[in-house]
Amino acid sequence: MSTEAIEQLQTVRDWLRYAVSRFTQAGVWCGHGTDSHWDDAVQLLMQTLHLPMDNNVQFLDARLTRSEREQVLERIERRARDRVPVPYLTGEAFFMGLPFHVDERVLIPRSPIGEFLATEGEPWLAGRPVERILDLCAGSGCIGIAAAHVFPEAHVDLGEVSPGAVEVAENNIRRHDLEGQVRAVTSDLFDRLDGPYDLILANPPYVDAGDMASLPPEYRHEPELGLAAGNDGLELMRRILREAPAYLAEDGVLVGEVGNSQPALEAAFPGVPFTWLEIENGGHGVFVVDAQTLAQAAPLLNG
C-alpha cells in the first residue's frame, strides 16, 4: 500500500483524481454500470464513504480520516491491479434506481430488460392485470424485484439454479421488504416452478464460446455459470423457448435477453416473429413474444 498516497491525498477530490489516474494507467474495463473511469471512481469513492451518488459536490473538499484513506486506497488498488468490478468491492449495485446486494456468486445487474419494465410492459401487457411474474435465471433477483415494484399486485417467483445466487436473491427480497410478494426458488429453468405466469422475464446465460474467450478480466470475476451458453450462446434459450408455453398464461408474454447472440437466435429460428426492443440506455438483444405466437411456433422450436 502506497504510504505516499495515504499521506498526501487528503480530500474526496484528491482521491477521485488518483483513482481515475490509476484506472487509466491500468486500463480497467468499464462495463458494470459505468462507462468511464471517472464514473467508476465516483461510484467506488461515494459508496465506500457512504456518501450520496448525486448532489455530492459539497463533499469534494471534505478530508478523509486515515482509516478511510486506507480503505479507499485498498479498493482502488484491487480495482486497478486485480480488475475487480466496483460493485463487488462495495457490495452494492443499482438496477432501475433500486439498490441490490451483490457478490461474486451473482452477475452484476445491468439488464436492458429494465426498459421493458419501466414502461409497465406496454403495449404488450395492454394495461391488463398482471398477477404472476417469473424472473428466470434470476441471479441477484434484481429483475424480479424491480418487477414487483412496477406491478405491486403481482406475485413474483425468482427461478435460479445456483444455491449461492438464491441466497443473494433472498437477501435482496428481505432488503426490499418483499417477503410476502416475492419468493426465490432453486430450480433448473422451469423444473421446480408452477405456472401459469402472465409475464416471464428470462435473462439466461447467453455468451457464446468466442466471446467467452475474449472477455475482459473484469468479467472473469463473475460466475461462469451466469455467462457461458455454448458455442452459439443459445444453450439455455433454446430450452426456454420450447418449455415456456407450458408455463405461460393464454395471453402471457415472454421477454428474453440474448445480447450478442441475437443474430444466432434469428438464424436458428428464422420463422419465429420475435419483436426486438429498441434499447435507449445501452444494451441490445431483448425480444418480446406472446404465448400464442410461441404455441404456433412450436414445430419450429422443437424441430
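**Note on the predicted model: cores, helix packing and loops**

1. Start with Ile-133. Setting aside neighbours within four places in sequence, Ile-133 is in contact with Ala-147, Phe-151, Ala-154, His-155, Val-156, Asp-157, Tyr-197, Leu-199 and Leu-201. Please keep in mind throughout that this is a predicted model.

2. Next, the core around this residue. The largest nonpolar core has 35 residues. Those that touch the most other members are Leu-117, Ile-133, Phe-151, Leu-199, Leu-201 and Val-255. Helix H7, residues 142-150, gives the most to this core, with 7 residues. A separate core has 32 residues, and Trp-15, Val-42, Val-106 and Ile-108 are among them. In soluble globular proteins, nonpolar side chains tend to be buried together.

3. Is H7 enclosed or open? Of its 9 residues, 8 are buried, so H7 is largely enclosed by the rest of the structure. The buried ones are Cys-142, Ile-143, Gly-144, Ile-145, Ala-146, Ala-147, Ala-148 and Val-150.

4. Now the helix pairs. Two packed helices are described by the angle between their axes and the distance between the axes. Take H2 (residues 12-26) and H4 first: their axes come within 9 Å and cross at roughly 20 degrees. The two helices are therefore roughly parallel to each other. The crossing is right-handed.

5. Which residues of H2 and H4 meet? H2 brings Trp-15, Tyr-18, Ala-19, Arg-22, Phe-23 and Ala-26. H4 brings Arg-69, Val-72, Leu-73, Ile-76, Glu-77, Arg-79 and Ala-80. By class, this contact has 9 nonpolar, no polar and 4 charged residues. The spacing of such lists is worth a look. An α-helix has 3.6 residues a turn, so residues three or four places apart point the same way.

6. H2 also packs on H3. Here the axes come within 9 Å and cross at roughly 130 degrees. That makes H2 oblique to H3. H2 passes H3 in a right-handed crossing. From H2, the contact uses Val-12, Trp-15, Leu-16, Ala-19, Val-20, Phe-23 and Thr-24. From H3, it uses His-37, Trp-38, Asp-40, Ala-41, Val-42, Leu-44, Leu-45 and Met-46. By class, there are 12 nonpolar, 2 polar and 1 charged residues.

7. Asp-40, Leu-44, Leu-45 and Thr-48 of H3 contact Gln-71, Val-72, Arg-75, Ile-76 and Arg-79 of H4. By class, the contact has 4 nonpolar, 2 polar and 3 charged residues.

8. In H2, Trp-15 takes part in the contact with H4 and in the contact with H3. In H3, Leu-44 faces H2 and also H4. In H4, Ile-76 meets H2 and H3. Trp-15 is also one of the members of the core of 32 residues.

9. Check the cis peptide bonds. Where do they fall? One runs from Glu-122 to Pro-123, with omega near 0 degrees. Pro-123 sits in the loop between helix H6 (113-118) and strand E3 (132-136). Another joins Gly-195 and Pro-196, with omega about 0 degrees. Pro-196 is in the loop between strand E5 (182-186) and strand E6 (197-202).

10. Check the positive phi values too. Asn-55 is not a glycine, yet its phi is near 50 degrees. Asn-55 lies in the loop between H3 and H4. Asp-177 is not a glycine either, and its phi is about 55 degrees. Asp-177 is in the loop between helix H8 (163-175) and E5.

11. Are these two residues buried or exposed? Exposed means over 50% relative accessible area. Asn-55 is at 68%, so it counts as exposed. Asp-177 is at 63%, so it counts as exposed.

12. Last, Arg-242, in helix H10 (residues 235-243). Arg-242 is partly exposed, with a relative accessible area of 36%. Not counting residues up to four places away in sequence, Arg-242 touches Leu-301 and Asn-302. Pro-299 is 57 residues from Arg-242 along the chain, but their C-alpha atoms are separated by 9.5 Å.

Terms used:
Residues numbered from 1 in each chain as written. Predicted model: local features only at pLDDT ≥ 70, side-chain atom pairs only at ≥ 80, totals over all residues. Heavy atoms only, no water. Contact = heavy atoms within 4.5 Å. Helix = DSSP H or I, 4+ residues; strand = E, 2+ residues; numbered from the N terminus. Nonpolar A, V, L, I, M, F, W, Y, C, P; charged D, E, K, R; others polar. Core = buried A, V, L, I, M, F, W, Y, C linked by side-chain atoms within 4.5 Å. Buried < 20%, exposed > 50% of the residue type's maximum accessible area, 1.4 Å probe, protein only. Axes fitted to C-alpha atoms, helices over the stretch in contact; angles between N-to-C directions. Parallel < 35°, antiparallel > 145°, perpendicular 65-115°, else oblique. Left-handed = near helix turned anticlockwise from the far one by under 90°.
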